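Please open the structure in a viewer and keep the sequence at hand.

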Amino acid sequence: MLELVKSVPTWLSGLLDFVYPPLCLGCGGFYDGELSVCEQCRTAIQQLDDPICLNCLSVLSGATRCPVCAELSLPLFAYGVYAPPLKDIILQFKFKGVTNPAMLMASLIWSQFGARLATLGATVLAPIPLFPGRENQRGYNQAALLAKELAILMETPVDESLIFRTEKRKPQASLRLKQRVRNIRGVFAAVPAGDSPRRIILLDDVVTSGATVLEATRVLSEAGHEVVAVVSIAHGS
Ligand SMILES: [Zn+2]
Ligand SMILES: [Zn+2]
């Protein structure tokens, strides 16, 4: 049944959801409730209690800025480790046309890091943009969906036009670390800050090497803005 759902178009899987009850995105089992993930999978997620400095990769216990890297520090608030069942949930979210985990993920991130995120004084949330063609294929940008849900909880607006892609590149997941850095260089452009520089929280679904969010940060900084943190569902290696 699950295999069938994976291979059918979105409109038909919507119809199947109506006929058959939805299954947990983590384990494929039945579940009670409306949040797309069963209780067992939610407790099996390896949570990360503290942000990570994307410059030196140290864990920032109880802090939001890395004392060693200071100005170079960019804290990553990732909800959990990119491993099952969180990995399965994200893959469903990303590729199978399943959009509802955004609300669950935003509320988990908020309950874990909300107090610390609130101290950063962010004025806007900006999702990492997809290539325009890819967004059309999937019908949505999962980072943007996450940003919209988190924005409600943070009472901070989302700006999807602040940073955008300028050209098409290979998917980062298919490349090694050095290639990732080279592949992403120059891929973004940002709206100049002018008289209204923003304090930005960047959103992405998964952060691995950090090459993508660091490049986005570089471009936004050059445009006169300040990126104060990155928020993601998972951090993987
Ligand atoms: Zn489950
Ligand atoms: Zn650091």
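Angles on this tour run from 0 to 180 degrees between N-to-C directions, and each axis is a line fitted to C-alpha atoms. With that convention, select α9 in this predicted model: the helix lies across β6 and β7 and runs at about 160° to β6.

**The whole protein**

Next, display the entire chain. The protein has nine helices and seven strands. Of its 237 residues, 36% are buried. Consider the contacts between residues at least 6 apart in sequence: 71% of them join residues at least 24 apart.

Strands of a sheet pair through backbone hydrogen bonds, either parallel or antiparallel. Select the five strands of the open sheet, which follow the order β1-β2-β7-β6-β3 with mixed pairing. Which are the edge strands? They are β1 (52–53) and β3 (124–127), each of which pairs on one side only.

Ile 52 can be found opposite Leu 76 of β2.

**A helix across the sheet**

**Two packed helices**

Two packed helices are described by the angle between their axes and the distance between the axes. Select α8 (residues 177–184) together with α9 (residues 211–222): they pack at an angle of about 30°, and their axes are 9 Å apart. Because angles under 35 degrees count as roughly parallel, α8 and α9 are described as roughly parallel to each other. The crossing of α8 past α9 is right-handed.

Show the side chains where the two helices meet. On α8 the contact is made by Arg 180, Val 181 and Ile 184, and on α9 by Ala 211, Thr 212 and Glu 215. By class, this contact of α8 with α9 comprises three nonpolar, one polar and two charged residues.

**Tyr 82**

Finally, centre the view on Tyr 82, in the loop between β2 and α4 (86–95). Is Tyr 82 buried or partly exposed? Tyr 82 has 19 C-beta neighbours inside 10 Å and therefore counts as partly exposed, since a buried residue needs 20 or more.

Leaving aside residues up to four places away in sequence, Tyr 82 touches Lys 87, Val 206, Ala 234, His 235 and Gly 236.

Terms used
Residues are numbered from 1 along each chain as its sequence is written. Chains are lettered from A and ligands numbered from 1 in the order in which they are written. This is a predicted model: local features need pLDDT of at least 70, side-chain atom pairs count only at pLDDT 80 or more; totals for chains, interfaces and linings use all residues. Helices (H or I, at least four residues) and strands (E, at least two) are DSSP runs, numbered from the N terminus. Angles under 35 degrees count as roughly parallel, over 145 as roughly antiparallel, 65 to 115 as roughly perpendicular and the rest as oblique. A crossing is left-handed if the near helix is turned anticlockwise from the far one by less than a right angle, and right-handed if clockwise. Two residues are in contact if their C-beta atoms, placed from the backbone, lie within 7 Å. Ala, Val, Leu, Ile, Met, Phe, Trp, Tyr, Cys and Pro count as nonpolar, Asp, Glu, Lys and Arg as charged, and the others, Gly among them, as polar. A residue is buried if 20 or more other C-beta atoms lie within 10 Å of its own, exposed if 12 or fewer, and partly exposed in between; C-beta atoms are placed from the backbone. Two strands pair if DSSP finds at least two bridges between them.
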